[in-house]
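Dear colleague,

I am handing over the structure below, together with some notes on what was found in it. Please read them with the model open beside you.

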Amino acid sequence: MEELKSTISSNLKGKGILACSGGQDSSLLAVLCSVAASDKVLAVFVDTGLLRKGDRKRVESLFTTYQINYRIEDASEVFLSRLSGVYDPEEKRKIIGKTFIDVFEGIAKEYGAKYLIQGTIAPDWIESGGSRRETIKSHHNVGGLPENMNLKLIEPLRDLYKDDVREISQFLGMDTDIQPFPGPGLAVRILGEVTKEKVQLLQDVTEIVESEVISQYTDRPTRPWQFFPILLPVQTTGIHGDKRSYGYTIALRLFDTVDGMSGTFSKPPMAFLEKISTKITNGVPSVNRVVYDITNKPPATIEWE
Ligand code: XMP
């Protein structure tokens, strides 16, 4: 803890902006920065338009609770327009990374910051082709960064793993019940082109899945580590009322792991999967099929893109 705080203050030779997604990693970093160098750090939360329903409010409440110097930037139109017509997962990730940096550079200029502080942790850079492995996917806070970025990057958490972050956050009395959510947001859970309509659909389904899983597994340690729906780029035939429907397919990913690096698909009771499936197809009528992902990591990754 003390080491992390001194890394932050000794590396900051001027003002910095902190990229805060509201996830466990960057939330911890925001709290540490506000203790270590509150007068020099502005925490920035970017509303990409690719978030879950309650994300923005939750982050705002973190900022106010911990008296963090912050700014919330609504850049949803830019993100969605740049993603229009893009189908390739790596291209999506790169576009999102570049757009984040454009937004951050604009804010840094206004604030007079020369540093960008990020909550990158070890699995992010290892899987983005850090020194040890081939690029598996460009995690937005690593592989998506342009080479000629004007801001100097500081990553105080880069040697930590997810379980380390959870432990330190717990020690600081922070909420540790934050489910990991990828920086590129719902864009990597919408296979194929991302549109505003598909984002809204997936937001609705995500709300159902999260609330069902949380109420099913009230005992936190037994709950899957991550649980979310993916919107597939296939439509299939179904029946709605007594009419033919041609609707979307949702895949469910419920996953058990310690640190996100490897793990196994969760094995919930069939009756519970059936309940979620019914809730989704009743609550979001444009979905008429739900499938369950039974793949471990490896060979699959947790996210589908
Ligand atoms: P994968 O899909 O690589 O995911 O098995 C491992 C964990 O990382 C999360 N994830 C990300 N987190 N930026 C992030 O901050 C990203 O670009 C990103 N991509 C995946 C994923 O949700 C899982 O918890």
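The chain, which is a predicted model, is divided into domain 1, covering residues 2-171, and domain 2, covering residues 189-292. The centres of the two domains, taken over C-alpha atoms, are separated by 27 Å.

Where the domains meet, 20 residues of domain 1 are in contact with 17 residues of domain 2, and the area buried between them is about 1600 Å², with carbon and sulfur atoms giving 54% of that area. Four salt bridges are found across this interface, and eight residue pairs are in polar contact between domain 1 and domain 2, counting pairs with both residues at pLDDT 80 or more. On the side of domain 1 that touches domain 2, the elements giving two or more residues are α4 (76-83), α6 (122-127) and α7 (162-171). By class, that side of domain 1 has nine nonpolar, three polar and eight charged residues. As a separate detail, the side chains of E207 and K53 meet in a salt bridge, with an N to O distance of 2.7 Å.

T236 counts as buried because its relative accessible area is 18%, under the 20% cut-off. Leaving aside residues up to four places away in sequence, T236 touches S245, Y246, G247, T249, N288 and R289. Of these, G247 is 11 residues from T236 in sequence and 5.6 Å from it in space, C-alpha to C-alpha, while the side chain of R289 makes a polar contact with the side chain of T236 at 2.8 Å.

Conventions. Residues numbered from 1 in each chain as written. Predicted model: local features only at pLDDT ≥ 70, side-chain atom pairs only at ≥ 80, totals over all residues. Heavy atoms only, no water. Domains from an automatic or database assignment. Contact = heavy atoms within 4.5 Å. Buried area = accessible area lost by both parts, 1.4 Å probe. Polar contact = N/O pair within 3.5 Å; in protein donor to acceptor, adjacent residues only side chain to side chain. Helix = DSSP H or I, 4+ residues; strand = E, 2+ residues; numbered from the N terminus. Nonpolar A, V, L, I, M, F, W, Y, C, P; charged D, E, K, R; others polar. Buried < 20%, exposed > 50% of the residue type's maximum accessible area, 1.4 Å probe, protein only.
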